[in-house]
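Today I am opening my notebook on charged side chains and who pairs with whom. Have a look along with me.

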Amino acid sequence: MKLLDRRRAVVEATRRLQRERARWQMDTFALRMRLGRHRTALIVGGGAASGFIAGLLPWSVLARLGSVVSAAASFAIRSPIGAMLAADLRQRASDDARSPPA
């Protein structure tokens, strides 16, 4: 495969990704607005529910659950997806820092 063919493939893949991202954003707009409106309540409610469930479970189950969550997180961070997620988070943080407060 020649260099120009590879570049065309990358450009086409980028366009396809942008189309899919725009479609995903349109499909999830209502849900994202609802979650954004009630963000604080969801965070507090999720923390309270987690604390309640953690209080009911025995320590051995919590230890296993913590082990599974930390193993999954470390696997995700070391995978290629982890690098993409880190780059996306870095980009969003820099965009938020540059945007003027409302």
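**Salt bridges, one by one**

I looked up Glu12 and found it partly exposed, with a relative accessible area of 35%; partly exposed sits between buried (under 20% relative accessible area) and exposed (over 50%), using a 1.4 Å probe and protein chains only. I note that this is a predicted model, where local features need pLDDT of at least 70, side-chain atom pairs count only at pLDDT 80 or more, and totals for chains, interfaces and linings use all residues. Residues are numbered from 1 along each chain as its sequence is written, and side-chain values use heavy atoms, with hydrogens and water left out.

Next I asked which residue forms a salt bridge with Glu12. My partner turned out to be Arg19, with the closest N and O atoms 3.6 Å apart; the term needs a side-chain nitrogen of Lys or Arg within 4 Å of a carboxyl oxygen of Asp or Glu. Arg19 is partly exposed too, at 48%.

I then searched the whole structure and got five salt bridges.

One of them joins Arg8 to Asp5, at 3.0 Å between the closest N and O atoms. Both lie in helix 1 (residues 3–27), three residues apart, about one turn of the helix; helices are DSSP runs (H or I, at least four residues), numbered from the N terminus. I find Arg8 exposed at 55%, while Asp5 is partly exposed at 34%.

Another links Arg23 and Glu20, 2.7 Å from N to O. I see about one helical turn between Arg23 and Glu20, because they are three residues apart in helix 1. Shared partners join Glu20, Arg23 and Asp27 into one network of salt bridges.

Notes
Helices (H or I, at least four residues) and strands (E, at least two) are DSSP runs, numbered from the N terminus.
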